[in-house]
Amino acid sequence: MAGSKYTYVRNFELPDPLLPGTFMVFRLDGHSFHRFSDEHGFTKPNDIRALELMDHAAKDVMEQYSDIVLAFGESDEFSFLLRKSATLYNRRQSKIVSTLTSLFTSSYVFRWATYFPDCPLKYPPSFDGRIILYPSAREIRDYFSWRQTDTHINNLYNTTFWALVQQGGESTTQAHATLKGTVSKEKHEILFSRFQVNYNALDARVRKGSTLVREEIPEQSIPNDNGETPTRPDEPLESVAPSSIRMRKRTKPRTKVVVLHCDIIKDDFWDSRLEILSD
Ligand SMILES: Nc1nc2c(ncn2[C@@H]2O[C@H](COP(=O)(O)OP(=O)(O)O)[C@@H](O)[C@H]2O)c(=O)[nH]1
Ligand SMILES: [Mg+2]
């Protein structure tokens, strides 16, 4: 690039690399979603359309960035885990944060009408984003346990609160007062004895949040001992791949992003997916 007397201003742009060899957690959160959810008539305590839209935007992000190995979302937030060895954008912090935040936001808007066909957007939503670095798997496990515990605490509170208001006829002020100082067991009890709601039987989506992982796509046709790919009897000959393609070694299995609503605090989830915390 040719220089000019103005070029020196570039020198004020400081590098902002993220420490190498550390796990990155990128978290975004809806800006003023209290207002956004009100203005767009989200159902209380949970709007499944809104949660599914968040999941879809997160899936779009994960599909474009292979360094993301896990995502977890609840309410108006999503956290993404990038592997330790990620070299995305040379680990430049503002480049990663701004690109991922803007992709998520544009995907949220792009897919809005699919989930809210009868409710046009009244104004453009926005999300903030940040990156937190963690040195080891222990903090990553604790980070995701923290977010899922938060999902549980908030959802139990909100479910009980809105049951008191919507079915119990209490004002929001009264419901706040009823729940003040109650522990988890008492909220379960209010739901069960007054509203015949067994909290543990509610949709896992709202109790556990959404966890996005990559899962291997099972091979449709695995080469047999002769190195030949079996074909279905009705498959035309032309569709059979040439042997050079059939014999090609697959280095990486093909994967797809799936959305789960499961426990991520206990060991089971992690023990069956060791690749998430590997380098
Ligand atoms: N009614 C409803 N509101 C939701 C839902 N998900 C998120 N919200 C709203 O979004 C807010 C998210 O919390 P927070 O990020 O702390 O608030 P913010 O600063 O206003 O974005 C909640 O307090 C709710 O008001 C939903 O499914 N239904
Ligand atoms: Mg928010």
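Which residues in α5 meet which residues in α6? Select both helices and look. Y157, T160, F161, L164 and V165 in α5 meet T172, A175, T178 and L179 in α6. Contact here means that C-beta atoms, placed from the backbone, lie within 7 Å.

This is a predicted model: local features need pLDDT of at least 70, side-chain atom pairs count only at pLDDT 80 or more, and totals for chains, interfaces and linings use all residues. Residues are numbered from 1 along each chain as its sequence is written, while chains are lettered from A and ligands numbered from 1 in the order in which they are written.

**Stop 1: α5 and α6**

Stay with α5 (residues 137-166) and α6 (residues 172-179). They pack at an angle of about 130°, with axes 9 Å apart.

**Stop 2: α2**

Now select α2, residues 48-64. At 1.5 Å a residue, its 17 residues should span 24 Å; the end C-alpha atoms are 25 Å apart, which agrees. Colour A50, L51, M54, D55, A57, A58, V61 and M62: they are buried (20 or more other C-beta atoms within 10 Å; exposed is 12 or fewer, partly exposed in between). These residues cover an arc of only 165° around the axis, which puts them on the same side of α2. Their cover includes β2 (68-74), α3 (93-110) and β6 (255-260).

**Stop 3: V259**

Pick V259 in strand β6. V259 is partly exposed, with 16 other C-beta atoms within 10 Å. V259 touches D55, K59, S210 and L212, not counting residues up to four places away in sequence. V259 and L212 are 47 residues apart in sequence, yet 4.6 Å apart in space, C-alpha to C-alpha.

Notes: Helix = DSSP H or I, 4+ residues; strand = E, 2+ residues; numbered from the N terminus. Expected span 1.5 Å × (residues − 1). Arc of directions from axis to C-beta. Contact = placed C-beta atoms within 7 Å. Axes fitted to C-alpha atoms, helices over the stretch in contact; angles between N-to-C directions.
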